[in-house]
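Please keep the sequence and the coordinates at hand while reading.

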Number of protein chains: 2
Amino acid sequence: MSLLVVGSVAFDAIETPFGKTDKIVGGAATYISLSASYFTNDINLVAVVGDDFPQEDIQEFKKRGVNTDGLQIKAGQKSFFWSGKYHNDMNSRDTLVTELNVLGDFDPVIPGTYQGADFLMLGNLSPKVQQTVIERLHRKPKLIVMDTMNFWMEIAMADLCKTISMVDVLTINDEEARQLSGEYSLVKAAAKIRSMGPHTLIIKKGEHGALLFGDKEIFFAPALPLEDVFDPTGAGDTFAGGFIGYLAKTGDISFENMKRAIMYGSAMASYCVEKFGTQRLKELSQSAIFDRLQQFRTLTTYDIESKQD
Amino acid sequence: MSLLVVGSVAFDAIETPFGKTDKIVGGAATYISLSASYFTNDINLVAVVGDDFPQEDIQEFKKRGVNTDGLQIKAGQKSFFWSGKYHNDMNSRDTLVTELNVLGDFDPVIPGTYQGADFLMLGNLSPKVQQTVIERLHRKPKLIVMDTMNFWMEIAMADLCKTISMVDVLTINDEEARQLSGEYSLVKAAAKIRSMGPHTLIIKKGEHGALLFGDKEIFFAPALPLEDVFDPTGAGDTFAGGFIGYLAKTGDISFENMKRAIMYGSAMASYCVEKFGTQRLKELSQSAIFDRLQQFRTLTTYDIESKQD
């Protein structure tokens, strides 16, 4: 089924304890699309870049089944740029540079051929822009998944709450879930956030895995313990891309299928962090993804008598 | 099979955002023994208290199949006392009072009837005392499990390393694993710590679950997402008690069975935190434990095609 992805397509410069990069291609919609492209080749991208964005990277999208008709290229302007440095624990980072550039007045135009999308993935963007996307769709998609971050809770809480009320699935991290709900317990936080609109909540806990909250159901997906996390940039978006990609491939939005989708998302994210930027994401195969899923299965599989002694 | 438990039996005074207690019975060996008593009634306790320790609590141990012949009662002296206050996040706490009292010169005497123990659980104590216990056993147990904490890494690292080299399974938390190994990656930390002696390492991550590292195998047990954590005191010891209790019940120390044992330990710990101190641990039933295990199973069970498409 068709998947519409909206989010940033940008440049990142990343420093980790393992090394540093020059400007490389990044952005939420980039990671989401690349990750989802292993599951479906019916992906429509809406984003904005400047004319500094390399044509070869646009070709790379197309090669992977990502339609770029909705990728606006602004003449004489520069692409969004973020630069950050990870601390030794790889769980925290400092932002060194944020240049909004073309993202500052992004008007998300939906090409006519994109209408009728079955799945919509809203990568992290201003909640106003996310809301505009939803309003510009002539038909409500089968499932709208939205990612966001604490930044918007601090400067645009009212807009954020409005947009959250319009989506089916929200993905945020544990600290953001606590900030958004005012509840420390993630179980209570999930209940509050689900009462704001989304029937399903995914709480991402990074190296501690992810929780999926549905109606009276909770599912937990572990993260794979890794020897080295080389670069965490884009892991959350890669996770979201695997999640929505698998749902779009199967067309099944039941809680049971979302559990599977979460496992695929986790597998994709575990690969993403093995190299800088999108590098690892570009060189995967179906059998590599399958192997990683088996590792996840081994990690949590145990055999206990299912009847009482 | 017989289980020897060595550790503190003590008084705690606990303050959490939900309330505070007067002096209540606590201590590592208390939680370990109570938790293990749901799996075996062949438990021998070695510990020391003052004559301020209530006879009724000693009777409580006996009632649950815990032999207290090795519980030394020091006339005219006071039991170990710890007082702490948990912060709002329940993941960090301040120690308000630590009175070693009888624990200051604890000489762990092993009654002759305790010799020949199949399983030994060394609760957190000075590594010298833990080592003395091992040396005083005439026959090496089938399995020695040791718990410790960062405090000993700071003041007695050489002793600690010596004791660690003598045990089969070490249980520590994630921060302690990083401190002990000097490695941030838990996979690398586990490899280093296992090279120090223990063939198996359990890394406890509190609300984020627990990792079991064996020879080339890793198992992850989630923690149950809870509405409220009322009092985390003793959760790690309760986990260890369920773990070793299940192993002692089954007599099977294979990696496969340790996975099951970890799930039982996790189930016991998830109950422990629901009330202050040992209260919840005293009122459980086999069917309650069984129900909790089913909740854990539901939490991580998913169904993905095990063949590739």
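In this predicted model, helix α5 of chain A covers residues 157-164, and A:Leu160, A:Thr163 and A:Ile164 within it are buried. Viewed down the axis of α5(A), the buried residues fall within an arc of 100°, so they line one face of the helix.

How much of strand β12 (residues 200-204) of chain A is buried? Five of its five residues are, so the strand is largely enclosed by the rest of the structure. Both of its faces are covered, with A:Thr200, A:Ile202 and A:Lys204 buried on one side and A:Leu201 and A:Ile203 buried on the other.

β12(A) also pairs with strand β13 (residues 210-213) of chain A, here in the antiparallel sense and over four bridges. A:Ile202 takes part in this pairing too, its bridge partner in β13(A) being A:Leu212. The two strands form a hairpin with five residues between them, and A:Gly206 in the turn has a positive phi of about 60°.

Elsewhere in the chain, A:Ala261 lies in helix α9 (residues 255-272) of chain A. This residue counts as buried because it has 28 C-beta neighbours inside 10 Å, the cut-off being 20 or more. Apart from neighbours within four places in sequence, A:Ala261 is in contact with A:Phe243, A:Tyr246 and A:Leu247. From A:Ala261 to A:Ile43 the C-alpha distance is 17 Å, with 218 residues separating the two in sequence.

Taken as a whole, chain A contains ten helices and 14 strands. Of its 309 residues, 50% are buried. Among contacts with a separation of 6 or more, 67% join residues 24 or more positions apart. The C-alpha trace spans about 75 × 45 × 35 Å along its principal axes.

As to confidence, chain A has an average pLDDT of 95, and 98% of the residues score at least 70. For the complex, the predictor gives an ipTM of 0.91 and a pTM of 0.94.

Conventions
Residues numbered from 1 in each chain as written. Chains lettered and ligands numbered in written order. Predicted model: local features only at pLDDT ≥ 70, side-chain atom pairs only at ≥ 80, totals over all residues. Buried ≥ 20, exposed ≤ 12 C-beta atoms within 10 Å, placed from the backbone. Arc of directions from axis to C-beta. Contact = placed C-beta atoms within 7 Å. pLDDT = per-residue confidence, 0-100. Pairing = 2+ DSSP bridges.
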